[in-house]
Amino acid sequence: MQTKTIRPSKPAKRSWVSLILTLILLSIVCFVLFKLQGVQNQLVLRIARLCAINITLALAMNLINGFTGIFSLGQAGFMAIGAYTTALLTIPASKKAMMFMLTPLVKPLDTLTLPFGLTLIIGGLIAAGAAFLIGVPCLRLRGDYLAIATLGFSEIIRVLIMNAQSLTNGAQGLKSIPSNATIWWTYGIAFIVIVFMALFTSSSYGRALKAIREDEIAAESMGVSLFAHKMMAFMLSAFFAAVGGGLLAAYNGTIGQDMFRVIQTYNVLMIVVMGGMGSITGSVIAAFIVTIGQEWLRVLDGPINLGPIHTSGIAGMRMVVFSALLLIIIVFFRNGLFGTNEATWSAIGGRLSALAGHKKRGTAE
Amino acid sequence: MKLEIRDLRVSYGGIQALKGVSFTVNEGSIVTLIGANGAGKSTTLRAVSGLQKADGGSITLDGQSIMGLPTKEIVRRGIVMVPEGRRVFPDMTVRENLLIGAFIRSDRAEVEKDLRHVFELFPRLSERTWQMAGTLSGGEQQMLAVGRALMAKPKLLMMDEPSLGLAPLIVRGIFDIIKRVNADGITVLLIEQNANAALRVAGYGYVLETGSIVLEGSGAALMADPRVQEAYLGKHKEKPQNAHDDYTAVAATAGRLTD
């Protein structure tokens, strides 16, 4: 290009710097994870794993709600499918026999056990299949109607689970799920999902999804087929949600239909909204903030002594404070922490140099 | 590349928007459809690009019917629309907007070449490749909308009211671009309310009124036609004495045109 551009003059050099910085960040993360493995404090270990699971769940939801602009509230249903698949396929046969007291487990499943990683994929595929089935009628709807339809689907799944006694053990739920969700599994999968999302959203498919979010008619008139792309995003989102659900099952050890109420969808939605609809880095950072924040604020549930005000512990107090914090974020960052932007190295560098420049000017005067 | 539309009929619910429209767009020409609000101009374009289902009639491209094909397939065959009101993707960069235009193409090297070509055509855009399209001015957004359509490598470019909501100076720039695009060998079907500007660039024009073609002719002939002058160009043979005369004159013309 002959004309002046706003772009940095040497993009090639920039990308090298970014690559090196990314590698440094990755090695720091790996180092921290190694250290975490040796940590004796079970609580820290649990929260760390939950952070990674929440990253997976948030990115799954962000793909459909943030990048494609389809407001789906079916997340909990897809998570339940993944969680039950993983649980049923990893619990050892002897334990299953003990658990299914009222009605025995259906035939091939009662003795079948598969490797953990495989069960996550199977769960994901089943969820994607379910997404296809409900996507055919639902994805023709828009806005609120779609949200209500997917919400209904999620509840249907839950009720089915409650009543399919010989498959899911009904209201008793499933216990003794092998705790396969180690630091490496949870962070490994979170890493894969992050890399996938980064590549996918910058591909021509990802651009098409964003175009649909921005203006359906314009996207369609450029030859983007709306239904096919929405369906693809919906199925991919369901797949990752189910993988996250499977991890959650292995993390918890026990699951029941109660876990997959609508509130579960809202928990993930909170992370997505806080981080920014359409921002991968936003979701990752918000997953840490929300997960750690909810644990850290647990102090508030205990007895509080503020001199004049004295309480002997109110259960749920932390959620009150947490909601207030969320409100503040929504008021001051209407589009979440990042909006649709990403925290790239060049963006951070730009901010830092602007800050440094500001300081220099300040001292000169 | 010859687009032929015969007896095209479209209705929304029970209301007939197009009552048998026929016209031809010859290769390499600039053809314009002019008409007032609600005449059915946009509906015609939407039907040609496959966004709106037609009730009857035929749309053929080089003798082959393209009616009922999905938009994607019609774009592949080289008919691309610049939608009314620009409709750029506001939260995507200028570059991303242009790349969406090339969505149906898979020849990467060629796409990069065309990207450079669009930037040559619109230097303003090349200065703003990483800017969000929503932050561009109206004229720049119109340039982007045209550039985006050009990225699909169209043979026929259909433009829906490109002058809508733009300052007169910018409108002149847009019409210059239409001429340049046409000079590159792209056929243009132009829809306009701004009949003056449209007839000036168009080789041939059709006048659409409430769903039917009422007049046709070369751009110059239509401009000289007293009926077009009165109804669309705001000219009168004799200056009316007062507002009442003005009103009756327009009403008379409208009556004559719909007959």
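Mentor: Let's start with a definition: a residue is buried if 20 or more other C-beta atoms lie within 10 Å of its own, exposed if 12 or fewer, and partly exposed in between, with C-beta atoms placed from the backbone. Keep in mind that this is a predicted model, where local features need pLDDT of at least 70, side-chain atom pairs count only at pLDDT 80 or more, and totals for chains, interfaces and linings use all residues. Residues are numbered from 1 along each chain as its sequence is written, while chains are lettered from A and ligands numbered from 1 in the order in which they are written.

Trainee: What makes A:Thr86 buried?

Mentor: A:Thr86 has 33 other C-beta atoms within 10 Å, and the cut-off is 20 or more, so A:Thr86 counts as buried. A:Thr86 sits in helix α3 (residues 75-90) of chain A; helices (H or I, at least four residues) and strands (E, at least two) are DSSP runs, numbered from the N terminus.

Trainee: Which residues is A:Thr86 in contact with, leaving aside neighbours within four places in sequence?

Mentor: A:Thr119, A:Leu120, A:Gly123, A:Gly246, A:Ala249 and A:Ala250. Contact here means that the C-beta atoms, placed from the backbone, lie within 7 Å. For A:Ala218, 132 residues away along the chain, the C-alpha separation from A:Thr86 is 42 Å.

Trainee: What makes α10(A) mostly covered?

Mentor: Eight of the eleven residues of α10(A) are buried, including A:Leu209, A:Lys210 and A:Ile212. The buried ones pack against α2 (42-67), α11 and α12 of chain A, together with α3 of chain B.

Trainee: How do α10(A) and α3(B) pack, and what is the angle?

Mentor: Helix α10 (residues 204-214) of chain A meets helix α3 (residues 94-101) of chain B at about 100°, with the axes 10 Å apart. That makes the pair roughly perpendicular, because 65 to 115 degrees gets that name, under 35 is roughly parallel, over 145 roughly antiparallel and the rest oblique. The axes are lines fitted to C-alpha atoms, for helices over the stretch in contact, and angles run from 0 to 180 degrees between N-to-C directions. A:Arg207, A:Ala208 and A:Ala211 make the contact from α10(A), with B:Glu96, B:Leu99 and B:Ile100 from α3(B).

Trainee: Which classes do the residues in the contact of α10(A) with α3(B) fall into?

Mentor: Four are nonpolar, none polar and two charged. Ala, Val, Leu, Ile, Met, Phe, Trp, Tyr, Cys and Pro count as nonpolar, Asp, Glu, Lys and Arg as charged, and the others, Gly among them, as polar.

Trainee: How many residues does the contact take from chain A and from chain B?

Mentor: It takes 22 from chain A and 28 from chain B. On chain A, α10 and α11 (216-221) each supply at least two residues, and α10(A) has the largest share, six residues. By class, the chain A side has eight nonpolar, seven polar and seven charged residues.

Conventions
Two residues are in contact if their C-beta atoms, placed from the backbone, lie within 7 Å.
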